[in-house]
Amino acid sequence: KPQLVASNDRFCRFLEEYCPVVTETYYPTIWCWEGRVQTLLRPFITSRPQVQYRNELIKTADGGQISLDWFDNNDSSYYPDASTRPTVLLLPGLTGTSKESYILHMIHQSETLGYRCVVFNNRGIAGEELLTPRTYCAANTEDLEAVIHHVHSLHPSAPFMAAGVSMGGMLLLNYLGKTGRDTPLMAAAIFSAGWNVFESVESLEKPLNWLLFNYYLTTCLQSSISRHRQMLEKLFDMDLVMKARTVREFDKQFTSVMFGYRSIDDYYEDASPCRKLKSVGIPVLCLNSVDDVFSPAHAIPVETAKQNANVALVLTSCGGHIGFLEGIWPRKCTYMDRVFKQFVQAVFEHGNKIFSM
C-alpha cells in the first residue's frame, strides 16, 4: 500500500472516500518492477490516445509568446455549458509538450468525466518561434502566472485546477508556494516532482543514471534550443552550451544565466519546491515513488508536508519516474492515471468538503 502523508484528518478522510486509489495496494507490473525500468519503458508501452487540439498563441509582457493546446470537450454531455465546464491546466515535464503519452492519458481521463483541458507548453518547444531570447525554467513562474490568468479570464465561472508532471509539477509547486491562497486554482495534483534539485542532479550523475537518463535529457535540452540558435546567440555562447554533457552543465551555462542567477547553486536553491511547500495555500496531492532516481526518497519533504494542512503526499515503493505501470500488459492505464482521474473528479464534484479546511 502507498504511504499517505497528511496532517489534516479532514483531507485524509476526503481522499479515502473520494480518491480511494491512494489507499489501495499498488501492484507494479511484475516484469518491470524496478524504478529505472518503469521509467524507461512507460513511453514505449503505454498507448497514445488520439486527441484533437485547438492551438492558441498568447503574448507575454516581455514580447514573447506561449503556445497553449486546448481540448475543449465540446461534446461533453455532463457539462454542455462551456462557461461552467470544469477546466484542468496540464503542465508537462522538462522538455515535454502536449504530445507526451502521459498528457494524452490525462486528457483521455478528463474527457470521460466531461472536463476541458488546456496544456501549457513552455516557450519554444512546441513548434512556435521564440520572439525573445528567453525560454523557461523550474523557478520562474511568470509565464505560468500569465497562463493561469488568461485561462481564468476566458472562463471565470468554470471550476479550475491544475496538474503538473516532473518539472511541470515543480513549476506548479513553486507558483503555489509564491501565491498561497491568492490563485484562481481550486486545487492541484503533482506527479513525480523533483523536490530538491541538488539531490536530483546528484542522483542523475551516478554512472548508470547518467548513462540511462542524464545524457539523453541533456541532448533533449540542447535540441530544444538549437532550433532557436540565431535568436539565443545574441546572449549566449551557444557553442559552449552545446558542449554540456550533464543537465547540471547545461543549467550552469544556459538556464541560470538566462534568468539572472549569480550561480547555479542560487538557481537550484530557488527551483527546489521543498523550500516553498509550507506556503502552499490550496489542497495539493503529490504522488512520488521512492525508487525514482529523479527525486530520491531521502529528499522528499515528508516532515515539511506534515506541517501544512493543505498538502497530502502519496508515496509508493515502486513506480519510477512517471512510470507507475501496473497489470500484466500496462498499455492503457497506469496507477498515476487513476490517481489523477479520481482526485480531479473528487475536487470538481465534492471539493466543498475540503475547501472549508
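I began with strand 8, which runs parallel to strand 9 (residues 311-316) and is joined to it by six bridges. I count two strands as paired if DSSP finds at least two bridges between them. Helices (H or I, at least four residues) and strands (E, at least two) are DSSP runs, numbered from the N terminus.

The model is predicted, so I took local features only at pLDDT of at least 70 and side-chain atom pairs only at pLDDT 80 or more, while totals for chains, interfaces and linings use all residues. Residues are numbered from 1 along each chain as its sequence is written, and side-chain values use heavy atoms, with hydrogens and water left out.

I then looked at strand 7 (residues 188-191). It pairs with strand 8 in the parallel sense, over four bridges. Leu285 turned up in both pairings. In strand 9 it stands opposite Ala312.

Next entry: is strand 8 buried or exposed? Six of the six residues of strand 8 (residues 284-289) are buried, so the strand is largely enclosed by the rest of the structure. Here buried means under 20% relative accessible area, exposed over 50%, and partly exposed in between (1.4 Å probe, protein chains only). I checked each face. Val284, Cys286 and Asn288 are buried on one side. Leu285, Leu287 and Ser289 are buried on the other. In a regular strand the side chains alternate between the two faces of the sheet.

I moved on to charged pairs. My rule for a salt bridge was a side-chain nitrogen of Lys or Arg within 4 Å of a carboxyl oxygen of Asp or Glu. The count comes to 18 salt bridges.

I looked up Lys178 and Glu145 among them; their closest N and O atoms are 2.9 Å apart. Lys178 is exposed at 54% relative accessibility. Glu145 is partly exposed at 28%.

Arg229 and Glu233 form another salt bridge, at 3.0 Å from N to O. Arg229 is partly exposed at 28%. Glu233 is also partly exposed, at 43%.

For Arg275 and Glu269 I noted 3.1 Å, N to O. Arg275 has 40% relative accessibility and counts as partly exposed. Glu269, at 37%, is partly exposed as well.
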